[in-house]
Structures are given as structure tokens and as C-alpha cells.
Amino acid sequence: MTPGLVGVGYEGLTVGELVARLRDLGVTRLVDVRLTPISRKPGLSKTALGRELAAAGIVYEHRRELGNPKSNRAGFASEGLQRADARRRYVGLLGGVEASGALDALTEAGRLERVAVLCFEAEQDRCHRDVVLAQAQRRLTGGPAPNAEHAEDVCAFGLTADVDGDVTAGRAYLVEDSAADGLDQGVAGPNPVSPTK
């Protein structure tokens, strides 16, 4: 399985369905980017989820530093300027020392294995993990973060793909030179920009 990063939302899934899909995707590590990794759904809080994943041979890692503050979550569910503002605020938070270190660790893990970045929302563009993946992509390529709204803005080494519509929102960031694997490499747009939607 090609190393890389893939976004995963567990909304609408049981823990068994989530684990099965992660295994189907070849995920060996799951990075939970929920600020507070608790859930009313059985098996999806931090400790229980970690146990389920360990039984499936998947490493669980919680990265609180990459969580989205409660005060900024409604903006991601909004449209237009409200969502753009929420994304900008979250990008600003990622500039802190702890968050930046967590992004570096996530990026390095993605170079070595298939890593799922987990949060609740099924629609990735309505979740802060979309920004996490775009920022990790920027670190991988050494260039600006792609605008996750537009596939044509994905930088070299970034591959956009429908991984599994029920689990992801349709974007996977694979970190090896995918052309060598016979996959279509992402095409850099004229001016890739940081995500602002």
C-alpha cells in the first residue's frame, strides 16, 4: 500500500464499520484530530477506539494540538464568508509551536505509512481535517498548501482521489511520487493557494 494521508469521518458509522473500512484502505495508523475525543456512539471515544484499532493492527494516536476549538466549529458547517473565516482562524492556530510540531509528525508518518486523519464529519470540506491535510500536503511538497476546494490546485506529489465516499470526502493525499506507481499525479494549478473556503 502506498504511504500517504487520507481524511476519514466516522459520522453515520459504527466502530466496526469504521475499522473495516480503515482496513480496506490499508490504513496502519489513525491520527484523531478531535480536540476532545469523546463520542456518544459506542466504541468511538478515545480509549475504546484505541482498543478496537489495536485489535485490528492499527495504531491509534490522538493529536489534541490539531483540534478545532468549539467556538470555531459552526463556521465550518456554514457557507461562503463564514466558512472562509473559520478556515482562516484555524490555519492561524496551526501556526503555533505545538500544532506545527504535530503537523510535522503527521507529515513524517504519512511518508512512511498509510495514515487516516479522523474527525466526526462525513463531509470533509466541512471539517477542519481538510485544512490539516492541505497543510500536511504543503509540508510534503515544500510549496503552498493546495486549495482543497479545487482539484486543479493540488501540488506535485499530491493525488486527489475518491477513496471511499462513505468514509472520506473524496480526497487522499499520497506522499510518494505516485507517477512511479502508475497513478495519475496531481496537476499543479497556475497559482496554488492556502485554503480559504
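**Entry 1. H3 against H4.**
I began with the pair H3 and H4, and noted that the crossing in which H3 passes H4 is left-handed. The model I am reading is a predicted one. I looked up the extents: helix H3 covers residues 70-77, and helix H4 covers residues 80-93. The axes of H3 and H4 come within 7 Å, and I have their crossing angle down as roughly 140°. H3 and H4 are therefore oblique to each other. Angles over 145 degrees would count as roughly antiparallel.

I then listed who meets whom. From H3 the residues are Ser71, Asn72, Gly75 and Phe76, and from H4 they are Gln82, Arg83, Ala86, Arg87, Arg89 and Tyr90. Sorted by class, the contact of H3 with H4 holds 3 nonpolar, 4 polar and 3 charged residues.

**Entry 2. H4 against H6.**
Next I followed H4 to helix H6, which spans residues 129-141. How closely do the axes of H4 and H6 come, and at what angle do they cross? They come within 10 Å and cross at roughly 55°. That angle makes H4 oblique to H6. I noted the crossing of H4 and H6 as right-handed.

On the H4 side, I found Arg87, Tyr90 and Val91 making the contact; on the H6 side, Asp130, Val131, Val132 and Gln135. I counted the classes as 4 nonpolar, 1 polar and 2 charged for the contact of H4 with H6. Arg87 and Tyr90 had already turned up on the H4 side of the contact with H3.

**Entry 3. H5 against H6.**
The other partner I checked for H6 was helix H5, residues 97-112. Their axes come within 9 Å, with a crossing angle of roughly 70°. H5 and H6 are therefore roughly perpendicular to each other, because 65 to 115 degrees is the range for that term.

H5 brings Ser100, Leu103, Asp104, Leu106, Thr107 and Arg111 to the contact, and H6 brings Val132, Gln135, Ala136, Arg139 and Leu140. The contact of H5 with H6 sorts into 5 nonpolar, 3 polar and 3 charged residues. Val132 and Gln135 of H6 are also in the contact with H4.

**Entry 4. The chain as a whole.**
In order from the N terminus, the elements of the protein chain read β-α-β-α-β-α-α-α-β-α-β, and the totals are 6 helices and 5 strands. Of its 197 residues, 49% count as buried. I wrote down an accessible surface of about 8,900 Å², with 51% of that area belonging to carbon and sulfur atoms. Among contacts between residues at least 6 apart in sequence, 73% join residues at least 24 apart.

Leaving aside neighbours within four places in sequence, I found Leu30 in contact with Leu22, Leu53, Ile58, Val59, Tyr60, Glu61, Ala116 and Leu118.

Leu49 lies in helix H2, residues 46-55. Is Leu49 buried or exposed? At 0% relative accessibility, Leu49 is buried. Val15 is 34 residues from Leu49 in sequence, and their C-alpha atoms are 7.4 Å apart. Beyond four places in sequence, the contacts of Leu49 are with Val15, Leu18, Asp32, Arg34, Gly43, Leu44, Tyr60 and Leu118. Tyr60 and Leu118 were on my list for Leu30 too.

**Entry 5. Met1 and Arg114.**
Met1 is in the segment before strand S1 (4-9). Its relative accessibility of 68% makes Met1 exposed. Which residues does Met1 touch, not counting those up to four places away? I found Leu25, Gly26 and Arg114.

Arg114 belongs to strand S4, residues 114-119. At 11% relative accessibility, Arg114 counts as buried. Arg114 and Leu25 stand 89 residues apart in sequence, but 8.3 Å apart in space from C-alpha to C-alpha.

Note on methods: Residues numbered from 1 in each chain as written. Predicted model: local features only at pLDDT ≥ 70, side-chain atom pairs only at ≥ 80, totals over all residues. Heavy atoms only, no water. Helix = DSSP H or I, 4+ residues; strand = E, 2+ residues; numbered from the N terminus. Buried < 20%, exposed > 50% of the residue type's maximum accessible area, 1.4 Å probe, protein only. Contact = heavy atoms within 4.5 Å. Areas by Shrake-Rupley, 256 points an atom, 1.4 Å probe, with all protein chains shown as cover. Axes fitted to C-alpha atoms, helices over the stretch in contact; angles between N-to-C directions. Parallel < 35°, antiparallel > 145°, perpendicular 65-115°, else oblique. Left-handed = near helix turned anticlockwise from the far one by under 90°. Nonpolar A, V, L, I, M, F, W, Y, C, P; charged D, E, K, R; others polar.
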